[in-house]
Amino acid sequence: TDNVIAAINAYTPPRRVHVQLSERSYDVLIGPDLIKRAGAHIAPVLPQPRCVIITDSNVAALHLPTLQAALTEVGIKHATLTVAPGEESKSFETWQRLVTSLLEQKVDRHTTIIALGGGVVGDLAGFTAAATLRGLPFIQIPTTLLSQVDSSVGGKTGINTPQGKNLAGAFHQPLLVLADTGALKTLPVRELRAGYAEIVKAGMIADAPFYEWCEANAEGIVGGDDALLSQAIEHAVRFKARVVGDDERETKPNNGRALLNLGHTFAHALEAECHFDGTLLHGEAVATGLVLATDLSARMGLCPQEDTGRVAAHIARAGLNPRIAGLNAEALLAHMKQDKKMREGKLTFILMRGIGQAFTSNQVEEDAVRNTLLANGA
Ligand code: NAD
Ligand code: MG
């Protein structure tokens with residue numbers, strides 16, 4: 001009984017963020033051991049005690065047996081489909097293979113798809129669920145920091161096409177999201193840092209006190225401190241849920257979901273210039289992009305000059321690179337112009353009137369962008 005009492009005392013209930021949407025609302029639970037306890041959380045929301053888990057082989061080796069045991073424990077039948085890890089799996093070929101396997105297994109409208117993995121698995125499994133039999137119920141168990149704070153919230157699912165990233169997909173909201181902070185223990189630190197950039201972004205867009213809290217706790221968060229990680233994830237999820245709730249289908253031209261792209265025009269250009277070859281993770285590019293967006297805002301007289309150094313120092317302390325690692329400024333500009341379509345010689349960017357005050361501007365001069373790139377390592 002001492003052990004039982006110790007276990008009860010050690011148990012803290014997960015943090016809960018309610019995502020309110022017109023078509024459906026659902027909870028994001030955040031905390032340790034959520035995969036181990038998945039049965040108790042999942043069983044009440046399932047329309048039928050039958051699931052198909054979609055995962056990648058890295059995550060399968062580390063966390064699949066725990067999930068399978070948790071489902072078996074509460075009498076939920078489950079099968080598993082495993083894909084290769086990496087962005088290449090977000091393809092028509094893999095998606096077709098998954099849809100075909102589900103139909104061969106004779107799933108019905110009430111069989112639930114569980115995505116166990118990072119953003120690749122979440123996007124791919126979500127789009128598989130959205131399309132199969134015109135929409136199967138779907139649960140997300142994100143296992144990277146990026147997927148816990150970003151891709152698992154908001155309902156965007158999809159795959160890449162030869163024309164570009166995420167160009168085929170659907171909005172498909174989950175029944176439930178379980179963000180197990182314990183799963184992050186096995187995540188390479190580089191991936192943890194990349195996810196941290198998207199957390200910092202949330203503060204920079206709309207919440208200066210949260211930004212300051214991140215600044216004070218950056219080392220602890222990327223060092224894997226459980227309590228700090230849970231707090232940071234809850235805050236970032238709350239932020240994204242609020243933005244998404246206001247602009248579910250990204251129909252607001254300016255200050256809805258578009259704001260989530262702070263730092264991303266720069267980031268996409270950096271990623272494109274690195275040919276998406278794995279040398280630069282998306283979150284790493286976003287980290288540099290946040291510094292560049294601050295520099296550009298300061299250069300245009302919108303936010304204090306000292307903010308650039310402040311953001312750069314924060315990014316560096318988190319073990320991320322604040323500077324452009326020797327890429328060509330004109331090549332980066334070419335990517336941005338292609339990405340954005342210029343209007344009367346002006347580009348559209350998310351800028352800040354100070355940390356926590358982001359807005360959309362379509363009045364950005366190409367020269368200001370060039371100067372920002374040249375001043376920061378291009
Ligand atoms: P990822 O899914 O490729 O995961 C990164 C790596 O970590 C992979 O090798 C994976 O196998 C491994 N991994 C995952 N969890 C692990 C764990 N707990 N322990 C050890 N290894 C683990 O990458 P990501 O950064 O999670 O997601 C990137 C994807 O997310 C991109 O395709 C991007 O387009 C998408 N995304 C989608 C949205 C959205 O709103 N839908 C938002 C942002 C990003
Ligand atoms: Mg991003």
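Which residues have the most contacts inside the largest nonpolar core?

Mentor: Before the answer, please keep in mind that this is a predicted model, in which local features need pLDDT of at least 70 and side-chain atom pairs count only at pLDDT 80 or more, while totals for chains, interfaces and linings use all residues. Residues are numbered from 1 along each chain as its sequence is written, and chains are lettered from A and ligands numbered from 1 in the order in which they are written.

The residues you ask about are Ile113, Tyr196, Met204, Val237, Leu290 and Ala293, and the largest nonpolar core to which they belong has 116 residues. Such a core is a set of buried Ala, Val, Leu, Ile, Met, Phe, Trp, Tyr and Cys residues joined through C-beta atoms within 7 Å. Here a residue is buried if 20 or more other C-beta atoms lie within 10 Å of its own, exposed if 12 or fewer, and partly exposed in between, with the C-beta atoms placed from the backbone.

Two residues are in contact if their C-beta atoms, placed from the backbone, lie within 7 Å.

After α5 comes Leu133, whose phi is positive, near 50°. Most residues other than glycine have a negative phi.

The helix α5 (119-131) also takes part in the shell around ligand 1. Among the 28 residues around this ligand, Asn58, Gly118, Gly119, Thr144 and Ser151 come nearest; a residue is near a molecule if its C-beta atom, placed from the backbone, lies within 6 Å of it. Two or more residues of that shell are given by each of α3 (57-73), α5 (119-131), α6 (145-151) and β8 (164-171). The shell divides into eight nonpolar, twelve polar and eight charged residues, where Ala, Val, Leu, Ile, Met, Phe, Trp, Tyr, Cys and Pro count as nonpolar, Asp, Glu, Lys and Arg as charged, and the others, Gly among them, as polar.

Lys106 is exposed, with 7 other C-beta atoms within 10 Å, and has a positive phi of about 55° although it is not a glycine. Pro188, in the loop between β9 (176-180) and α7 (189-206), also counts as exposed, with 11 C-beta neighbours inside 10 Å. An intermediate case is Ala368, found in helix α14 (residues 366-375), which counts as partly exposed with 17 C-beta neighbours inside 10 Å. Leaving aside neighbours within four places in sequence, Ala368 is in contact with Leu296, Arg299 and Met300.

Note on methods: Helix = DSSP H or I, 4+ residues; strand = E, 2+ residues; numbered from the N terminus.
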